[in-house]
Amino acid sequence: MSLILQGLCKRFDNSEKDTLHEIDLEVKSGEFVCIVGASGCGKSTLLNLVAGLERPTDGKVLLDGKEITGPGSDRTVMFQEHGLFPWLSVAENVKFGMKLAGVSKEQQEQKAKHYLEMVNLWDYRDYPIHQVSGGMRQRTALARSLTMESKVLLMDEPFSALDKQTSNRLREELQRIWMETKQTILFITHSVEEAVYLADRVVVLSPNTGKVAEVVTVELKRPRHVYAPEFVELRHKILEEVRGEAV
Amino acid sequence: MGFLLFLVILVAAWQGCYWIGVDLLGLWKPYAMPSPVGVAQSFLQLCEDGELFQATANSLLRGISGYVIAVIIGVILGLLINRSRYLQKNLKPLVLGIQTLPSVCWVPFSILWFGLSTQAILFVVVMGAAFSIAISVDNAIKNVQPIYTKAALTLGATKKQLYLYVILPACLPELVTGMKQGWSFAWRALMAGEVMTTSIGLGQTLIMGRDLADINQVMLVMLVIVLVGIIIDKCIFSIAEQRILKKRGLTGGN
C-alpha cells in the first residue's frame, strides 16, 4: 500500500487564495499519520480530497499508483458525526459496507462479531442506534470502518464531538486496535495531544500558506502516556508550532 | 373515552339547535336543516337497500386505484425533478403551481376526454394528487442528511445501492407524510369527480340527496366521507408513520 499526495492544491470558488497549497505527503503501509492545524487550515479539506469527496484544483492523490477520482471503500472514512444509519441496529450498521460489497451472510456475521468484540460492543449488537451513547456510536462507526479492511482508513476528528473522558477512552482503544491490526490510518485532529498520543508522524498544516509547516516523527514507545515528560515536551513543541502558524 | 363523550355532547347540541330553531321558533326551513334523527333515518334507509354500502365501496375502490396511479406518476415525476437540474429549475415551479389548482378544475377536461366514465373520475383523482406527491418526493430526497450519502459512498455504495439502501430508508418518514397528504388530496379530488358524473359512489349519493331535496342524506354522505378519510388516515398512514418514527427513536414515549 502506498498513499501519495502530489502537489495537492485546493481553492474554493469564493476564495482568493488556496486553502491547501502544494501539499506533498506520503503515507506508508501500516503507518498512523495525524494531521493537525489551527481551525480553518484545511485539515478536513485534505481528508475529503483523499476520500474523493472533493476534487483538487491542482495536483493529485495516488493510491497504489492510481489517481483518486471519487469515493470508494478502499478509503473508508470515519466522520466526526458518526454517520450511522438510524434505521439499522448496531450490528446491521457494522455489516452495511460488507452487504454493499456482496460479502456472504456467514462472513458478514463472523467479521461483524470479530470487530464488535474488538470495540467492546458485542453485547449491544441488537440495540437501535438511538439507544446507545455517543461513545458507543463512534465505536460502532469505528467497527463499521474496520470491517472494510480498507487500504487506508481516514478519520475526520472522530472523537472531538465527545466529552473529554469518552474521547480519551476511545483514543486508548484506537491505539490498542491499531497495534492489533496495523491498519494504515490518516487521522485529522485539532488536538495536538491526541495527535502525539496516536501518531507515528504528525503533520502540521499552516492556515496562512496552506502548506505543510512541519512533519514531526513521534518515536515514543507505545502504549504512550500523556503525563510522561517526553510526551509533554513533544506536545509542547508541536503546540508552539501550531500556534505560531495560526493567524 | 373523552372523545366519545364529546361526540355525544356535540350530537345532543345539534339536536337541541334543530329542535329550537326549526320546531320551536321556525327560524329555519326543515328542508334546509339536517337533524341527527333525520340523518339516522336516512342512514337506516340507505343501509336497507345496500345503496350506502355499495356507494362507499365504489368510492373507496376508485379512490384507491386513482391514488395508486397518482403515487406511481408522482414518484416518477418527483425522481425526475430531483435527478435533473434542468427539470428542477424549470419544471418544479410549474408543478408547484399546478399543485395549487383545485382538482375540480380538471373536471371539464376529464369529461371532454373520457366522457361520464370511471376513467374521467380517475383522471381527476390522479391530477389532484400526483403533483403534490411529486413535490414531496423531491423534497424528501433533498432533506436526506448529506452525511448518510457521504458515509455510504466511502463504504463503497454504487448509485443504485445508494438509492435503495440509504436514500429510500432515510427519507421514509418524510415520504410517508407526503403520501398521507397525497391521499387526502386524492380523496377530495375523488368527490369533485364523482359529483360531476353519474356512476354510483358517495359523491353521486350526495348529489342525489340534493336533487331529492333530502338534506339529511346530503349530511349523511358528508359524514361518511369524513369518516372514511379519518379511518384511512388513522389506520394506515398514521400507524406507518408512528412505527417508522418509533424505530428511529424520533418520538417521545410510547
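This briefing covers a helix pair, a sheet and a chain contact in the model above. The model is predicted: local features need pLDDT of at least 70, side-chain atom pairs count only at pLDDT 80 or more, and totals for chains, interfaces and linings use all residues. Residues are numbered from 1 along each chain as its sequence is written, and chains are lettered from A in the order in which they are written.

**Helix pair in chain A**
- Helix α4 (134–147) and helix α5 (164–181) of chain A pack at about 20°, with axes 10 Å apart (axes are lines fitted to C-alpha atoms, for helices over the stretch in contact; angles run from 0 to 180 degrees between N-to-C directions).
- That makes α4(A) roughly parallel to α5(A) (angles under 35 degrees).
- α4(A) contributes A:G134, A:G135, A:Q138, A:R139 and A:L146 to the contact, and α5(A) contributes A:T166, A:L170 and A:T181 (contact: C-beta atoms, placed from the backbone, within 7 Å).

**Sheet in chain A**
- An open sheet of 6 strands runs β6-β7-β8-β3-β9-β10, with mixed pairing (strands are DSSP runs of E, at least two residues, and helices of H or I, at least four, numbered from the N terminus; pairing needs at least two DSSP bridges).
- β6 (77–78) and β10 (212–217) of chain A are the edge strands.
- β9 (201–205) of chain A pairs with β10(A) in the antiparallel sense over 5 bridges.
- Helix α7 (229–245) of chain A lies across β3 (32–36), β9 and β10, at about 15° to β9(A).

**Contact between chains A and B**
- Chain A gives 22 residues and chain B gives 14.
- Helix α2 (90–100) of chain A gives the most to chain A's side, with 3 residues.

Key
Parallel < 35°, antiparallel > 145°, perpendicular 65-115°, else oblique. Contact = placed C-beta atoms within 7 Å.
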